[in-house]
Every structure is written in structure tokens, then in C-alpha cells.
Amino acid sequence: MYHFLQTKSLSEQIEFMTKQLVQIPSVTGTEGESKKADQIKQWIASFPYFQRHPEHLWEQVIPDSKYRKKNIFAFVKGGLSAPATMIYHSHFDTVGVKDFGSIEDKAFNPDALMAYFKEYEADPEVKAEAQSGDWMFGRGALDMQSGDAVHLANLLYFSEHHDEMQGNLLVMFNPDEESEHKGVIAAISELKRLQIEEGLEFIAAINSDFVSPLFENDKTHYLYTGAAGKLLPSFYIYGRESHVGETLKGIDSTLIASKINWQINNNMDLIEDIEGEVVNPPSCLYQRDEKDIYNVQTPFKTYMYFNYFLYEESLAGVINKLKRLTIDACTAVEEKLKENYDRYAKKTGQITSQLSWHIEVNTLQEYISLLKDRGIDVDHVIRQTVQDHKGMELRELSFKIVDALQQKDSEKKPRVILFYSPPYLPNNYLRDHKLRDHMILNAMKQVVEESGEQDSFAIKRFFPFLSDSSYLSLHETNEGLEALIENFSLWNECYSIPVKDIRSLSIPAINMGVYGKDAHKWTERVYKPYSFNTLPMLIRRLTEILLTQDTSVRKSKEYFEYKK
């Protein structure tokens, strides 16, 4: 690969590698992830620096991963033997290709897709952009094989100019970003090892994940100084079963779920008020009752979970906020059910039964405490459930655990149990009160100014999509983490993240991404002039600035505590 790349310009290098990477399918959860990791490692191994220093290129196999998923690490040691180290990172897995429909066979073929979209009449914008020659189509072309190629090209550059570097460069390529983020989570232990054994000082991490227009005709290229966090608040809903002939005596769990969904889904009162940032409300990702066959019993178990973004908000208050909304929803259902039953009794002349319409609402932490007070061995129930359902999808297993606990509850009251399921992504961002973060932000502004195209850029705080960058720094309080863990049914059983190591690493996470449109859609495409020319030079320049900052400042106490 090296002998081919050395004859090409920067943009030609990146375009060639992007196309090659797109043509290697690497859908999350398939063998392709391992094959692509091997290909990336093979390319890097051809670079002269790594021919001389093969020990600076290695892989890390992800524990308990199917198809032997792996992270690829490449380290370039600067000429001054300084500890200061910049990190580049990107993911090489993609979402699936079913959305391509009848042309699914072309999903990983940029040339075939280009020819197809040049004649595509259904979308004039897509057709015009295909005909312009400035765009590359294909699954992963934008998200984010082009981002991998940008880092590979800059890795090659710095490996050939390492004697001029005033610090080091560590590049890592990770799998599984589109799913559980297992790649970057596993990489935390490797970063911690390098920090301890090699004495590396991680200045910042640059992710090249894609950026897109935020509104119609938006031409801005966005740079982000942080990553949004994410929770998956989940609801186990247990009602009261009935025969359809006595439906008014039951408490339909789907009715409760629908009311909770109405209270939370896209609720604009739940978004954080952060000026100038794109912030999103919670959205329902799953709502399903437990019935899998037809019968005339009304539903009495329903499961649901929501995507819940975190920006500045602490975890500590989230579950109580959602609990209050759930109580409001359940109160409304209780009142409606009682009204319906009373109207029916009056209409038919029946004597009303002394039925309770009350629906209990508990957090998992509260419910576990209640069960323990009754002498139930909760820990044994959880361990046994995990043992009995090895390999089960993690969200399903989360509900299975709560269901197993509910089965031990002799009261069988109508109840909603609120808890968390995987994954959890921490929120992080540059903070003005730290001199370190202030210096990074100033360096980003300097790079933009030097480009001569200030009007085409905007620096924002929160990357608007989900990102591996979330796992490089942790701002959450101990109180917030406790509120999370105590209500997380799988924590330390099948899922956890290394919060202690993430907090101690505390690596500022920047996103300077390739630019394009329609990620995760069949019209996905990357804009070549910016992504293959402008962006890699911006990243290269920011790296040089950050590595040449005054080392005495970085060693000072004020570097971490300075207030403007």
C-alpha cells in the first residue's frame, strides 16, 4: 500500500483508501469487522516507520466478542521523546444495507452507485451531486470509512516527519461503534496501560466522525468540542390480566405504556436549554407487550425504553424526573379506568366490585429494597437469570431480570418499574474553567482563522449524534453515577464501563469530521473537496499547535484548575 500511496497527493490518498474501505463490508456484528481491522493493520504495516518499528503497531482483541473483533493501535514517537501525545480515533464498522432495497448488491460499490445516482430522477439534489463528481456514495462512505482514511493519511504523514514532532501520535481504529461501543470501551484499558507504563500524557483526542448540514441549505462545517451522553431509561409495566369478556376489570399494560409514551416521547419540556446547540428530546425506541400468540386475554406485561440524551444535565436527577412523569401517566390511567368501570356498572345495573385501580411506580433501586425487606435473595435471582439466558440480547436480558424479580413478588400489584438498560454513554465537553480546555479551544479557533475561511466554520460544544468520544472523559458526579448504577439491572453482570479509568484519563474529546449527507440512508455520500483536502490539513495543523504548547504550562496546577 505504501508504495502506491507515496505517488499520490493527499486527496488522492484519502479518496483511494476510502473507496477501498467501503468495498470491504464491515457491518456491525459480522465477520467483516475483523477483516477490515486486519486490512487497516496490513496497510499501516507497509509504512516505512512501522517497518522499522513493528512494535509500534498492535491489535487488541475485544473480550468475549464474536468473530474476534479487535482494536488497531499505531504509535508514532516524536523526535523529542516528550510525553505529550495526541490521539486520533475512528470506527470502521457500519450499519446494515437493507435500506438499499433492490440495489443492495451495489451498497459497497461507490462506482456503481455513482452511475446509478447520475440517472436518479426521484431526487434532483442527489442526481445533481452525483453528476458533479464531488461526492462519493456507498455504505460507510460518510460514516465513517472516509474518516478512517483521513486518519490513515495523517498517520502516514507524521510517521514520515516524526523527527519534527514535539510529541507523539497514537491512532486507534475501533469496531462496534454502531452498536455497544465495545471497541472504544475495551481501548480504555490500553490507554491507561500506555499512560502508566510509557508515561504518555494525552493532550486531546480527535475523532473524524461525520458532520452534516443541520438545516436545509446549511453550508457550515461544524467542529465540536464535546460529545452528548445517552441513557436508555426502560419501563417494565405489569398490569392486571382479564378475559376480554371482562375487559373493564383489567388494567391493560399497553394502555399504561401508551400514556407513558405520550408523557415522555419527544417531550420538549425535557430538553436542556443550551443556547446555540442542537439538543434533542427523548424518543421511544421500543414498545412491545409480551404476548407472542393470539388469545383473548388482555395484555398485562409491556416493555418499553427511550433514547435519552444528556448534555450538561447530571444523571442524579433524571430518574426522579421520569418517575414523576410516570406517576402522572399512571394517575391519568387510573382515573380513566375507574370512570369507565363506573359508567359501565351504572349502564348495566351491575353491582360494582371493590377493585383497586392503583398502579405502583418504583425505581429499580426502590423495588429491590422492597423485595429484600421481604427476605428475597435478589442477587441470586439476578445471577441465575443471567446464567439461564446467556447470549440473550442485552435489552431483552434487562427486562428478563426485572421480570424474574417481579415473579418473586407475591403481591402481583399493577406496577411500573423504571430502570436503565445498556448502553450508557457519558457526556463530556470542554469546560471554560480549565486552562487545558481553554487552550484547546483557542487552538481550534487559531486553526479556523488560519484557514482563511472563518465564515464557513462554526465551533459548537456537543456533537449531535452518538459517538465513541463519549468514553474518553467523564464529568458525571459520584452521586449521579450511583443513581445510574443502583438502577441498572445488568451493571457488573453483563455490562459496565470502566468509570474509574475514564475519569482518571479525562481526555478532551474533539470531533473534526468528514462532511456529507444522509448517513445511515441509502443515499449516504461524502463531500470530497472538504473531506479529502481541507479537513486533513486542519487536523494536522491542530495537532502541531497542541503538541508545541508550553510544556511548563501543562505541568502546572493551573492547567486543570484555571478560571477565566
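The legends below describe views of one predicted model.

**Figure 1. Overall fold and dimensions of the protein.** The protein contains 19 helices and 19 strands (DSSP runs, H or I of at least four residues for helices and E of at least two for strands, numbered from the N terminus). Its C-alpha atoms fill a box of roughly 90 × 60 × 45 Å along the principal axes. Because a compact globule of 564 residues would have a radius of gyration near 24 Å, the 26 Å of the protein agrees with that form (taken over C-alpha atoms; the rule is 2.2 Å times the number of residues to the power 0.38).

**Figure 2. Burial and charge in the protein.** Of the 564 residues, 56% are buried (under 20% relative accessible area, 1.4 Å probe, protein chains only). There are 64 positive side chains and 83 negative ones, and the centres of the two sets are 3 Å apart (Lys and Arg against Asp and Glu, without His and the chain ends; charges placed at NZ of Lys, CZ of Arg, CG of Asp or CD of Glu).

**Figure 3. Surroundings of S11.** S11 belongs to helix α2, residues 10–22. The side chains of S11 and S9 make a polar contact at 3.4 Å (a pair of N or O atoms within 3.5 Å, one able to donate a hydrogen and the other to accept it; residues adjacent in sequence count only if both atoms are side-chain atoms). Leaving out residues up to four places away in sequence, S11 touches F532 and N533 (heavy atoms within 4.5 Å).

**Notes.** Residues are numbered from 1 along each chain as its sequence is written, and side-chain values use heavy atoms, without hydrogens and water. Local features need pLDDT of at least 70 and side-chain atom pairs 80 or more, while totals for chains, interfaces and linings use all residues.

Notes: Buried means under 20% relative accessible area, exposed over 50%, partly exposed in between (1.4 Å probe, protein chains only).
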